[in-house]
Number of protein chains: 8
Amino acid sequence: MSARDDIRLDFDRGSRIGIAEAILCAGKTDDHLAEIFDQAAAREVAFLCTRMTEEQHAALPERHRDRVDYDLVSRTAFFGAPSPLPDTAPRVCVVSAGTSDARVAREAARTLRFYGEPVTAIADVGVAGLHRLLDRIDEIRRHQVVIAVAGMDAALPTVLGGLVACAIVGVPTSTGYGAARGGETALSAMLASCTSGLFVVNIDNGFGAACGALRLVHTVGRAP
Amino acid sequence: MSARDDIRLDFDRGSRIGIAEAILCAGKTDDHLAEIFDQAAAREVAFLCTRMTEEQHAALPERHRDRVDYDLVSRTAFFGAPSPLPDTAPRVCVVSAGTSDARVAREAARTLRFYGEPVTAIADVGVAGLHRLLDRIDEIRRHQVVIAVAGMDAALPTVLGGLVACAIVGVPTSTGYGAARGGETALSAMLASCTSGLFVVNIDNGFGAACGALRLVHTVGRAP
Amino acid sequence: MSARDDIRLDFDRGSRIGIAEAILCAGKTDDHLAEIFDQAAAREVAFLCTRMTEEQHAALPERHRDRVDYDLVSRTAFFGAPSPLPDTAPRVCVVSAGTSDARVAREAARTLRFYGEPVTAIADVGVAGLHRLLDRIDEIRRHQVVIAVAGMDAALPTVLGGLVACAIVGVPTSTGYGAARGGETALSAMLASCTSGLFVVNIDNGFGAACGALRLVHTVGRAP
Amino acid sequence: MSARDDIRLDFDRGSRIGIAEAILCAGKTDDHLAEIFDQAAAREVAFLCTRMTEEQHAALPERHRDRVDYDLVSRTAFFGAPSPLPDTAPRVCVVSAGTSDARVAREAARTLRFYGEPVTAIADVGVAGLHRLLDRIDEIRRHQVVIAVAGMDAALPTVLGGLVACAIVGVPTSTGYGAARGGETALSAMLASCTSGLFVVNIDNGFGAACGALRLVHTVGRAP
Amino acid sequence: MSARDDIRLDFDRGSRIGIAEAILCAGKTDDHLAEIFDQAAAREVAFLCTRMTEEQHAALPERHRDRVDYDLVSRTAFFGAPSPLPDTAPRVCVVSAGTSDARVAREAARTLRFYGEPVTAIADVGVAGLHRLLDRIDEIRRHQVVIAVAGMDAALPTVLGGLVACAIVGVPTSTGYGAARGGETALSAMLASCTSGLFVVNIDNGFGAACGALRLVHTVGRAP
Amino acid sequence: MSARDDIRLDFDRGSRIGIAEAILCAGKTDDHLAEIFDQAAAREVAFLCTRMTEEQHAALPERHRDRVDYDLVSRTAFFGAPSPLPDTAPRVCVVSAGTSDARVAREAARTLRFYGEPVTAIADVGVAGLHRLLDRIDEIRRHQVVIAVAGMDAALPTVLGGLVACAIVGVPTSTGYGAARGGETALSAMLASCTSGLFVVNIDNGFGAACGALRLVHTVGRAP
Amino acid sequence: MSARDDIRLDFDRGSRIGIAEAILCAGKTDDHLAEIFDQAAAREVAFLCTRMTEEQHAALPERHRDRVDYDLVSRTAFFGAPSPLPDTAPRVCVVSAGTSDARVAREAARTLRFYGEPVTAIADVGVAGLHRLLDRIDEIRRHQVVIAVAGMDAALPTVLGGLVACAIVGVPTSTGYGAARGGETALSAMLASCTSGLFVVNIDNGFGAACGALRLVHTVGRAP
Amino acid sequence: MSARDDIRLDFDRGSRIGIAEAILCAGKTDDHLAEIFDQAAAREVAFLCTRMTEEQHAALPERHRDRVDYDLVSRTAFFGAPSPLPDTAPRVCVVSAGTSDARVAREAARTLRFYGEPVTAIADVGVAGLHRLLDRIDEIRRHQVVIAVAGMDAALPTVLGGLVACAIVGVPTSTGYGAARGGETALSAMLASCTSGLFVVNIDNGFGAACGALRLVHTVGRAP
């Protein structure tokens, strides 16, 4: 059994659901990743990697590593050129509560960037200092989708949801300790939020929130 | 202290976020509900009630009960006339996995109906009998948002997410027993789904999924 | 073995910690309660009962039931006269997020009332409709201790904690369903709150929050 | 007390239940493993090791390490020659959902191989790309037992169970993060599956699934 | 919306996977069940109902109730004639640990009976009185599949698995209190069992264990 | 299948482990209990029933109910005469923290009584009123085994364990609400106690604590 | 995106709630911390850091590290001069149960010190050796607020709460193993304590307890 | 603050409860341990250390390390001479299920040894190979207390409890993976065991089981 036997890439996912295959690096061996890069290079397709550790990045075969744009904070990598950005105002806004949420907020922003969707990023506006959020609320309102990244008690999307009419996607983060329980509390708080119509994704899943936002702007925004 | 002291309705939520206030009946006393109906009647506003038990419905003051359209399966009530439906094809499709998920699927459909959004409902197409879903997949694809209601292992939204490009909102249900854990398993499975860009709401929260869909079609669909 | 064998009341708790013994009715049989009322009547002491169900209230011996002031929403009972109220502005404010939190907010207010502490009650100011809270914030600031009662995602005390300098005690409630998990989510969210210096008590424990507030105003407020 | 005092191998398990003793290396010290290899070598019995880390493998006494066939991905080791393979079509098929499940799928395949049972392996056919599974479904159907290895939401065995009549054994894996909860979600989803007659084993327990399959083909398949 | 809209029976499941559709009554309204019985009666198909409460049984339309064979302990119902039994020795044995496990053991036995598979039932042989099990062990060994039903600490299948070579399916039950946690402990204990090759199904899922056994004897037992 | 098929009493348990079989009534049908009483009556053996609800007691066949000594608080029943009490000072002391723990403390005391072991009972000495415990500490010290019954935070056995040299068995109770989690918190607190050598049994398991104490005084106390 | 984009310090928190901003170092990169120190240095404000690891301390730019007072046990750092201490008797007492709780007790004490509040520290007085606590009880009573730090079963604040009238804040610690569950048991035990009016903060959150105590002495203690 | 401030040893615990103070090294810094050894050396008392890591052992001041008898498998250390062993047959037997349980079984045995109690150790007799246990059952029966150490499904003490009349103490271990949940499953299984009168201690707490056994043989065994 070799690494090749374990891999069957889904190259036409893009045509099926509008978002090309991306690679979750967690749980893959260096051999698996090398094989995936080889197959993609052979077909000349660009793709996005998420949760790539520094060690995994360093272990990439040199022939591939040169073509990779790697961001350490978000642990994302672009292989090949991302899609070009249109010359329009951003439809998606990524709002985050604290500095420790940056790694997730950036994963969302980088994912949107890779798939050619412009994005506005607003950081460190958690509701324990409410004025910081209220100062930016009009700017936030001008977007169609707000991705709200927050950990601990995750009160940010609840407050936002009562202030703006946009679609809101909550991304709980694993920030904090003790009763924060690695993000479980933030996740549950978002799911149980008293704000109507808040959507939620998995803990630390900036990638998933961005993909969902892409589904929204692609599909809901299309001409009927 | 009287029931009136405990209530402060948010009558301008509609103008703020595009969805008028709705009443979650769980946890409210009969006195609370009577007071709420009185205040709404005085202002001549229509509103939606969710999770209204048969007992709560029966205990409504007669002057209000006559104006209520109550559905026992979904435990929803319309007080006053719902918004008129536009004469367009539905943008939202509610898909459910099993007969036991009907109570939640109907809560979603009734919420959309109340706020004037047409809806297509497709029931009992769980993936353990995959052909039932595949038979309807082209019809589903014609919508902008799919609300996928499923309990137990909740595999339906994962399979759907790989087949259609629409925005997908998973609603886990409390169907099942033992390891289904009152819907916790379905909830976690949806959050951990390997399908990209799946949104999730609270267990049995058909209302929330519908409100989120309303945010989407209102905001994302609006002219830029 | 008789009911009398199971009971040993702590009549000098008041002199020891400043708060006289109160009776948690949950888990006690009707015989136990009758015996407790007999012992207290014999000593002519007044006391507070919490979590007394309607059935327990109805089963009290008639000789005692007449002397009881029972409140159904909070399930509290005063046996004998509560302490007199001083003629000063309230030092404690009980703020609650939604109508369903009334049963807990009232337990706190009634406990304070029984022990002779004036209280301000402000209901239904959850942060999903932020303006309702901001309208009252100056009034809240005038108190020394704020008891913040909230369920679901329990964002209220976090927002409050960033706006006022008072001591804040969060009381999570068992309001909500699914991921609200009977109050566990509200409890964890308060414990993990990003607001500095928020104190927390058990789920639905309005009594405990009030007792803690009494400790504060008695001890911290006393002359050095 | 020495390592020898802690060990009592069950050399006649093979004659009792048809599967010879195997060694779970997790939790054993290097001394324990050396002692076990000594005892087995003295009796000239071959055996299988599972969950042997690279460090444990490296720490084996050299006299034994040369006789070991070690596979790093599955962390399994054969000591001595495995049973010969019969010249028949495989009765057992190991199907896995993603590349990250390879370490568990290989543990199952290697276990079957060690005990002399031929196996077909089909990798990376998760249901988020349904066509990949449907392309292989006829091949899968020709087997008697299907071991379905999947993590995250683990929808693979549910879909399979509705498509084929074979015995199906689900092996949840610890792939994923956040709500995947180290495999707990995959485990619960399989247990709560709406497919009739799906069997489940412990998280990441490819060895156990293989042993169960051996029991099946040995016992159920035998002449009556 | 009517009950009919919520139902789409899978009448050809039998031809696909060898086990005809069965109805899980939990979560279905009386209207749903009446509609299902009507559809089945119109097609003249027999079917099995599980988890049918006494109330649901009593609420069946009289035209159907007469044709139903209902067993209160297992809460199963046969609608129409079960499949005929072959004249061979039972291949499946249902072993249960205590009297309180009878409701689950009977669900398994009745399911096998409905689908035409003979069964041996051995009750109350929990391992806290080991001799009761050892007395029957030779009889148990003569079967191909053993369904072991046990709650609490669920030690029965572990002990059995070390004594017999048959395929073993553990069914944890919700017997017990406190740390038994409604069957979660029995479930986890079976999954973590040190016996090799034990299969497990959901808590109280006698039906699922029986269906799995049917898959085994149908598929594994068939001529190659 | 009849009730008789589900039952196999272990009549010689007494000779094997020194404690005759007792019947846990939870989970048994009225038919099961009637059958058990019939078998015991036929053999003229006395036995103990635990967790017998009022409804189960009322449903006993009249021929047996007359011979039953039933205690509602502890839900225990003696069928036939308990063992005679020796004329010695009690070796076992049952100490409980609050009135709500009486149902469990009495189950322990009644179990000891049934099997002929004298017992001292000391109630309502929880450590929030420490003086109540210290007043009785010399009396407690005179026993060989102390069964300490406590719920909520269960601090009683920790404090006791630092004060006396006796064997101590903690019985957590399901008293309390919210974070008491039905006794789980008391259970965990006892297990994690910083007192050396505290033994623990299941939540509310007064019967088990008593049986363990019987093992101790029978076996440890016997002549070597 | 740079570290600067992720940070928006709340410099006027002090004027709003009486406690100046502090920095939770967990989850922040070295770049984030350097940027924060730069901004604070530019404004010439002193601040407190919590949960700063040795590695983070070592990675501080040298220009800042010289101005830092770092304590390894509590992992706190003072940047700039702490507030001056008033010449009054301490109002706050930090009591801890065991040596392993020192890291948390010191975090509380150092936080109080930084903000200019004198503190008494009393260590290793867990209730398994009750005399150690009773020896100090009169000294403890002279304070207004007691911060009680304890892990495992966390019985200390319960016993304290019954002995003194002061405000009591429990800080559960992650001391212990197994059923201590990283502090969850201590947390739950404190929340479920039978002592009236005990406040609780997050696991290991000495900082939060100190901030709450500051709110108390600032606000409750101020002239009316 | 120095290490000395964090420590207050309980030197007369031995006279109070019969077991001298022991030191749990987990959570203590090297400074703390050095200080403790200094204080003990100054008083010339011997003591036992548990959970001392190799790193902690290596970091002991040389003047103390020479006087320490350290065992790596159990991570226990004797400082000074253990109590002399009496010349009698062992009253306590430590039985363990698998080789991986050795580290806990030895902690129990070493603790008993340190306090002067002889012990019989029987290893690797798990019930999946039942004959290994039955071969030793008569030997086990000759003891007064049996400490049964087992992980995973922990069936050993249940089977033992039905075979012998001795007092039985179950020690769950953190052996295994997945559903073994770090020992939680073994712990719950022992607590929910259907064997009457089984006592349980914390996960991996061989020390606690031994201390409890000492309480038993000291107190119960003493002349009345």
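**Stop 1: chains G and C**

Select chain G and chain C, and look at where they meet. Across this interface there are 13 residue pairs in polar contact, with both partners at pLDDT 80 or more. That confidence score is there because this is a predicted model. How many salt bridges cross the interface of chain G and chain C? The rule finds zero.

Now colour the touching residues. Chain G gives 41 residues to the contact, and chain C gives 41 residues as well. Next, go through chain G element by element. Six elements of chain G each put at least two residues on the side that touches chain C: α1 (13-17), α8 (156-163), β8 (167-172), α9 (184-191), β9 (198-200) and α10 (206-220). Which element gives the largest share of that side? Select α10(G): eleven residues come from there. Colour that side of chain G by class. You get 23 nonpolar, twelve polar and six charged residues.

The size of an interface is often given as the accessible area lost when the parts come together. For chain G and chain C, the buried area is about 3200 Å². Carbon and sulfur atoms give 56% of it.

**Stop 2: chains A and B**

Hide those chains and bring up chain A with chain B. Here 41 residues of chain A are in contact with 41 residues of chain B. Together the two chains bury about 3100 Å², with 56% of that on carbon and sulfur atoms.

The rule finds 13 residue pairs between chain A and chain B, both at pLDDT 80 or more. Salt bridges across this interface number zero. Now select the elements that give two or more residues to this side of chain A: α1 (13-17), β8 (167-172), α9 (184-191), β9 (198-200) and α10 (206-220). Stay on α10(A). This helix brings eleven residues, the largest share of the side that touches chain B. By class, that side of chain A holds 23 nonpolar, twelve polar and six charged residues.

**Stop 3**

Show chain A by itself as a cartoon. Count ten helices and nine strands.

Of the 224 residues, 67% count as buried. Look also at what touches what along the chain. Among contacts with a separation of 6 or more, 69% join residues 24 or more positions apart.

**Stop 4: Arg132(F)**

Move to chain F and zoom in on helix α6 (residues 130-134), where you will find Arg132(F). Is Arg132(F) buried or exposed? It counts as buried, because its relative accessibility is 9%, and the cut-off for buried is under 20%.

Follow the side chain of Arg132(F). One reach goes to the backbone oxygen of Arg8(C), at 3.0 Å. Another goes to the backbone oxygen of Asp124(F), at 3.5 Å. Finish by selecting what Arg132(F) touches, leaving out residues up to four places away in sequence: Arg8(C), Asp10(C), Asp124(F), Val125(F) and Gly126(F).

How values were computed. Residues numbered from 1 in each chain as written. Chains lettered and ligands numbered in written order. Predicted model: local features only at pLDDT ≥ 70, side-chain atom pairs only at ≥ 80, totals over all residues. Heavy atoms only, no water. Contact = heavy atoms within 4.5 Å. Buried area = accessible area lost by both parts, 1.4 Å probe. Salt bridge = Lys/Arg side-chain N within 4 Å of Asp/Glu carboxyl O. Polar contact = N/O pair within 3.5 Å; in protein donor to acceptor, adjacent residues only side chain to side chain. Helix = DSSP H or I, 4+ residues; strand = E, 2+ residues; numbered from the N terminus. Nonpolar A, V, L, I, M, F, W, Y, C, P; charged D, E, K, R; others polar. Buried < 20%, exposed > 50% of the residue type's maximum accessible area, 1.4 Å probe, protein only.
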